[in-house]
Amino acid sequence: ILTKGIQVDSASLGEEVCAAIIEAANYPTPAVFCPPIATFKEATGAKTEDLANGVALSVECDSNPSASLARLSVILGPPTVVAASGGMWTNPDTGEVEPKLHLHWRLNEPTRDKADHERLYIARLRATRIVGADATGVPLVHPFRWPGSWHRKGKPPRLATIVSKTENEIELTDALELLKAALPADDSAH
């Protein structure tokens, strides 16, 4: 497994990211380039306690991806970035195949402390529950495959791509309330 911290303020950030993508793509066994969508206090730790900034409300839509995108867009507005992860989902009722999606709403203000990190976690949990998304994507430190990297779990390998992007940003307090209102009455997601 490849793990390497890259400084956000590095003068060679782009080159370092590209080198990590190339290394993952050429790794002898299937591997992915999937850093967390967050920043960390140090380059050597990516656990929750190492988190410096939460920057996005992210949802991993591995089933019903198009319907999940539509539902959450009604609630939160269009995502800042919709990425096709390279995985494919087959609708069990129709047999239709569609790309699995990662949805990211950039926060207008990053979370910087434990209390705000917890609020972002709750927002991700609520969004995940509303659409039945993959709950492994709820933790703020969960890695997501980045566009431009290869999904090598299946055959043939598929490139993760950006499906759409906007300048939309969300305010965390507003998002929390909108998501709470959209939860089914019997759901207790905080």
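Is Ser 58 buried or exposed in this structure? Ser 58 is buried, with a relative accessible area of 0%, where buried means under 20% relative accessible area, exposed means over 50%, and partly exposed lies in between, using a 1.4 Å probe and protein chains only.

Before I go on, please keep in mind that this is a predicted model, in which local features need pLDDT of at least 70 and side-chain atom pairs count only at pLDDT 80 or more, while totals for chains, interfaces and linings use all residues. Residues are numbered from 1 along each chain as its sequence is written, and side-chain values use heavy atoms, with hydrogens and water left out.

Let me stay with Ser 58, whose place is in strand β2; helices (H or I, at least four residues) and strands (E, at least two) are DSSP runs, numbered from the N terminus. The side chain of Ser 58 is joined to that of His 104 by a polar contact of 2.6 Å, and by a polar contact I mean a pair of N or O atoms within 3.5 Å, of which, within protein, one must be able to donate a hydrogen and the other to accept it, with residues adjacent in sequence counting only if both atoms are side-chain atoms. If we leave aside residues up to four places away in sequence, Ser 58 touches Ile 37, Leu 103, His 104, Arg 124, Gly 137 and Phe 144, contact being heavy atoms within 4.5 Å.

Now to the nonpolar core, which is a set of buried Ala, Val, Leu, Ile, Met, Phe, Trp, Tyr and Cys residues joined through side-chain atoms within 4.5 Å. The largest one has 30 residues, and those touching the most other members are Leu 57, Val 59, Leu 72, Trp 105, Ile 130 and Leu 179. Two or more residues come from each of β2 (51-61), α2 (65-76), β3 (81-90), β4 (97-111), α3 (114-131) and α4 (172-182), and α3 gives the largest share, 6 residues. As background, nonpolar side chains tend to be buried together in soluble globular proteins.

Next come the salt bridges, of which the structure holds 4; a salt bridge is a side-chain nitrogen of Lys or Arg within 4 Å of a carboxyl oxygen of Asp or Glu. Arg 106, Glu 167 and Glu 169 are linked in a network of these. As for accessibility, Arg 106 is partly exposed at 31%, Glu 167 is exposed at 70%, and Glu 169 is partly exposed at 39%.

Another salt bridge joins Asp 116 and Arg 119, at 2.9 Å from N to O; because these two are 3 residues apart in helix α3, they are separated by about one helical turn.

Finally, a word on cysteines: a search of the whole structure finds 0 disulfides, a disulfide being a pair of cysteine sulfur atoms within 2.5 Å. Cys 18 is partly exposed, at 45% relative accessible area, whereas Cys 61 is buried, at 0%.
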